[in-house]
Amino acid sequence: MSFILKMAWRDTRASRRRLLLYSLSIVLGVAALIGISSLGESLRAAVDSQAKGLLGADLSASARQDFSGKALARLRATGGEMSLGIATTTMATFADGSHRLMQLTAVEGGFPFYGEVEVVPAGAFARLAEGDNAIVEEAALTQAGISLGGEIKLGPTTFTVVGVLKKYPGQSPFATLFAPRVQVSMAALQATKLLNRGSLSQRTAYLKLPAGTDAREAERRLRDELRGERLNFATAEERKQQLGDALKNVFSFTSLVGFLALFLGAVGVASAMHVFIRQRLPTVAVLRCLGASARTSFAIYLLQGLGLGLAGSALGAVLGLSLQFALPIVLQNFLPYHLEFVVAWPAVLKGVGAGVGVSLLFTLLPLLEVRRISPLHVLRSGYDEAGRPDPARWLVYAAIAAAVFGFATLQTTSWKVGLIFSAAMGVGFAVLAGAARGVIWAARRARTGWLPYTWRQGVANVHRPNNRTLLLLMSLGLGTFMLLTLLLARAALLGQLQGMGEGDRPNLMFFDVQADQIDRLGAIARREGVPLTKTSPIITMRLSGLKGRTAEELAADRNNGLPNWALRREYRSTYRGALDEAEKVIAGKFEGAVPADAARVPVSIEESLAKDLQLKLGDELEFNVQGVPVKAVIGSIRQVEWRRMQTNFFFVFPRGPLDAAPATFAAAAKAKTPADTARLQRAVGKELPNVSAIDLGFVLGLLDGIFTKIAWAVSFLASFTVITGLVVLVSAVLMGRHQRVREAVLLRTLGAQRAQLRQIMLAEYAVLGLLAAVTGGLLAVAANALLAKFLFKVSPVPPLPLLAGAVVVVTLLTIVTGWLANRGVSNHPPLAVLREET
Amino acid sequence: MSAQTILKVERLTKTYATAAGPLTVLHEVSFDLRAGGSCAVVGPSGSGKTTLLGLCAGLDRPTTGSVHLDGREIGGLDEDGRARVRNECVGFVFQNFQLIPTLTALENVLVPLELRGEAGGEAEARALLERVGLGARLDHYPVKLSGGEQQRVALARAFINRPRILFCDEPTGNLDGDTAHAMVDLIFGLNRERGTTLVLVTHDLELAGRTQRIMRLRSGAVISDETTGA
């Protein structure tokens, strides 16, 4: 053993720096794995320690209507502290005349009981009770360009901004992005009369339970006791679990991106090891000749492979831990907490283990050759063993496949995802490897006689012995593929959103319009030159019966497979004479009008809800329309294009039976310019202050911002694979450097100019870069078409501009990297090299 | 095989499969060699000299026939078995030196002993390098040594495991005249001192003439086997 150790160490003497460089290929993969897992661990720890801050209370109960006396009594009977809050969405008007949809809230009592509230100045909440004062979320103030002491109009009331809200428990960053929070006193909220106008509002009771009370048990009891009250409950524990599950998913999938970088790096290490072993062939033969067994020589180089993996993984661990500082900055828009830096040793061990394991598995492939090197090489340098197939190779391939599958399954805790990931990786690598072999084949057969000598040499380098075509095409192709797929997916999603307001489609939506306001809204819109294109009555209702059984019975029966949310939710339905362009009947026939006193109203149901509620044509339903029972029958099933920016409905009734029911209205308009949008919003805000408006342009801006942030975070992770591809490229170029020096010297001896040598190199890397970019790009186009069709359900974007950009960038990057790594090749004095050869 | 015989070769044939069909490079070669003796194998290029040396030293397996080295039939051993035999009783000197480039002169010489797991051979390795005139170059890497010096390191390495038989393949083929003479003197000197059997493959008839026996090969067959006066 000591000889093996000694020999493994001594044998690296002349090539330690080079070997260290090869090991760099796995550094980024390991770093990504450790960085992502460590951050995941830190987040999990933060979620555990700050769980109650997610809700601000132990338990909450919310309702669309005022709590009944019974409900309030039961909630109070839990014995802890209770706080009541009201929230509604409404349009706010700022001093400069701009409008913004906001979440208007008021809370009485000690809420939040847990978690951190950050408001500037610190005592601002105490000032709410002093009159028409408001605390407004920072983002809204920044956007409107107002500061403390500024004014904000909500309904008929003008409030003075007395505080800037920076952090509040229970706030979702995405929800507040669309409707930032503005908090006023309960009395001031009531005085705005916004709640009296039928707008959607939510009452919430926040409970701080006595110490030692099990929140889940309390929730279960309250649910049973208040079954008919239509309350929604939430506990801090549930929020924690939901967030924990979501984080686990995010980190599982992002760590797969890291694993991909590691896999690519391992291919690079294996390729470097292959070249290294070829160079060590005479040494192995001498050792065999002097009596070393196959096992001894194999062990020497296996130890070196292990060393490579360990060195790369150790460097990766250091970089991964440093990444923990960077990742929270990159992901700050998605993190619910400020994170403390914690070294998660299990994550470090796992990352190092994956690095060493994967690189060792890959280096086994070239190392297996060592076992078969014959001592006869000392007598005949060209001697080669007859190419008998080596069954051990298949064992190693199987072990690699098992490792990929095992890792993906462990990370995602789903063997199906593990299988899909392994299969996708297998297909991706097979396509790239196949493309590389095709390129080598084509380069060998290409008629290049018409090309200048330097270009002929460059193209020939692609297929000559010891070429690095396969490795370069794989590493560069994979990097191009990943980055381009992300860019194309983002473009496809944004393109779909941008198309929403195009043509005749509406780009301004109004809701919470009362029945007595709809005509006036139409008149205002006409006056401002932006007539309404569509109005829809909205009637709130609940399902009270289904196929002869009550909704309560069905909800209590846990074996029928019917989702509780669908049985208990409040439906906002409409009635109209015809379907609109976002809807398509897929079964039955839509009836546009029936007599008001029809015994069974034929309704149209959305297809996914029909599936969830296990309803088919002819099934009977009963609705509770604000206290009035309405019997209905499924007359048609509709497909609805939910992504369209317009009001869509689960149930559509015909004209007639609901015409007299209390309704609010939603309306849509098509404004030609942003100025039209602003003018109409201003007019509506002034004359119908309770009416809320959504400007599609503004929403698009928000979504674009979110996508940009997500794309930035994902691109950051994908860049690990891309940079790994470049490291592999550099090490591949350096691997062949010795050979290049010899060739350059021979060519120079025969009279080649330096410029000619440079042109040969330029031609070779231009061909490789171009082919890698085109192969990776075409794979990305195919992947994007599949993603667009099956996952996003949008039309794929025309890829040509992005593809062309990628081809230019990747080709240039390859040429520059190749040139940098080959610098000085033509500077070697021919005599010195030729002497070395003898 | 008598106690005096170190190498016994019987009806040795080696055939390679080539694209053009089977190619027989050695055909039914038989001879034996007494311990302590010296023998040169000569013949034109392609006559099968190196193949014969490889088979006798256990670097390859015969297609048919047998090789008994130091009393063991090595054709029946697997590669690791033959490696053990080489380590225990064979020394090599090659035309192109075959030193390990990443090891110093001293480390190169020690490799056969280290492979055996024998410690404490350093004094003997130093003595051998002194003996071949490289006492001052112990820590030099092969790339820093001249061709003659590299071949002397190879010779020291060949004798470190006290081999029963030394195989030399064109030991002076890459050396100039003076260096070659010095090298030959060393080989024969050490051979005498240590009582090793010497098998020499060479084109050089003058060198062959210094051995006790010359075997001539042509087209894979022994065409003459004569004793010299040496």
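# Reading the assignments in chains A and B

Me: In this predicted model, B:Leu23 lies in strand E2 of chain B. Why does B:Leu23 count as exposed?

Reply: B:Leu23 has 12 C-beta neighbours inside 10 Å. A residue is exposed if that number is 12 or fewer, so B:Leu23 counts as exposed. Leaving aside residues up to four places away in sequence, B:Leu23 touches B:Thr15, B:Tyr16 and B:Thr18.

Me: What makes E2 and E5 of chain B edge strands?

Reply: Strand E2 (21-34) and strand E5 (72-73) of chain B each pair on one side only. The open sheet of four strands has the order E2-E1-E4-E5, with antiparallel pairing. Within this sheet, strand E1 (residues 5-18) of chain B is joined to strand E4 (residues 64-69) of chain B by five bridges. B:Glu10 has B:Ser66 in E4(B) as its bridge partner. H1(B) packs on the sheet, where it touches E1, E2 and E4 of chain B, and its direction makes about 120° with that of E1(B).

Me: Why does B:Asp70 count as partly exposed?

Reply: B:Asp70 has 19 C-beta neighbours inside 10 Å. A residue is buried at 20 or more and exposed at 12 or fewer, so B:Asp70 is placed in between, as partly exposed. B:Asp70 is in the loop between E4 and E5 of chain B, and its phi is positive, near 50°.

Me: Why does B:Ser219 count as partly exposed?

Reply: B:Ser219 has 14 C-beta neighbours inside 10 Å. Although B:Ser219 is not a glycine, its phi is positive, at about 50°. Most residues other than glycine have a negative phi.

Me: Why are H5(B) and H6(B) called roughly parallel?

Reply: Helix H5 (residues 147-160) and helix H6 (residues 177-194) of chain B pack at an angle of about 10°, and their axes are 10 Å apart. Angles under 35 degrees count as roughly parallel, so H5(B) is roughly parallel to H6(B). B:Gly148, B:Gln151, B:Arg152, B:Leu155 and B:Phe159 of H5(B) meet B:Thr179, B:Met183, B:Leu186, B:Ile187, B:Leu190 and B:Arg194 of H6(B). By class, the residues of this contact are six nonpolar, three polar and two charged.

Me: How do you know that H3(B) is mostly covered?

Reply: Nine of the 12 residues of H3(B) are buried. These are B:Ala105, B:Glu107, B:Asn108, B:Val109, B:Leu110, B:Val111, B:Pro112, B:Leu113 and B:Leu115. Their cover includes helix H1 (2-10) of chain A, together with H2, helix H4 (122-131) and H5 of chain B. After H3(B) comes B:Gly117, with a positive phi near 85°.

Me: What does chain B present to chain A, by class of residue?

Reply: The side of chain B that touches chain A has 10 nonpolar, six polar and eight charged residues. In this contact, 24 residues of chain B meet 18 residues of chain A. Helix H1 (49-56), helix H2 (79-89) and helix H3 (105-116) of chain B each supply at least two residues to that side. H2(B) gives the most, with six residues.

Me: What makes E6(A) and E7(A) a pair?

Reply: Strand E6 (residues 151-154) of chain A and E7(A) share four bridges in the antiparallel sense. At least two bridges are required, so E6(A) and E7(A) pair. A:Leu154 has A:Thr157 in E7(A) as its bridge partner. Two residues stand between the strands of this hairpin, where A:Gly155 takes a positive phi near 65°. Strand E5 (residues 133-137) of chain A runs parallel to E7(A), with five bridges. A:Ala134 has A:Val161 in E7(A) as its bridge partner.

Me: Which sense does E4(A) take against E7(A), and how many bridges join them?

Reply: Strand E4 (residues 118-120) of chain A runs antiparallel to strand E7 (residues 157-167) of chain A, with three bridges between them. A:Val119 stands opposite A:Leu165 in E7(A). The peptide bond from A:Val120 to A:Pro121 is cis, with omega near -5°, and A:Pro121 is found in the loop between E4 and E5 of chain A.

Methods
Residues numbered from 1 in each chain as written. Chains lettered and ligands numbered in written order. Predicted model: local features only at pLDDT ≥ 70, side-chain atom pairs only at ≥ 80, totals over all residues. Axes fitted to C-alpha atoms, helices over the stretch in contact; angles between N-to-C directions. Parallel < 35°, antiparallel > 145°, perpendicular 65-115°, else oblique. Contact = placed C-beta atoms within 7 Å. Nonpolar A, V, L, I, M, F, W, Y, C, P; charged D, E, K, R; others polar.
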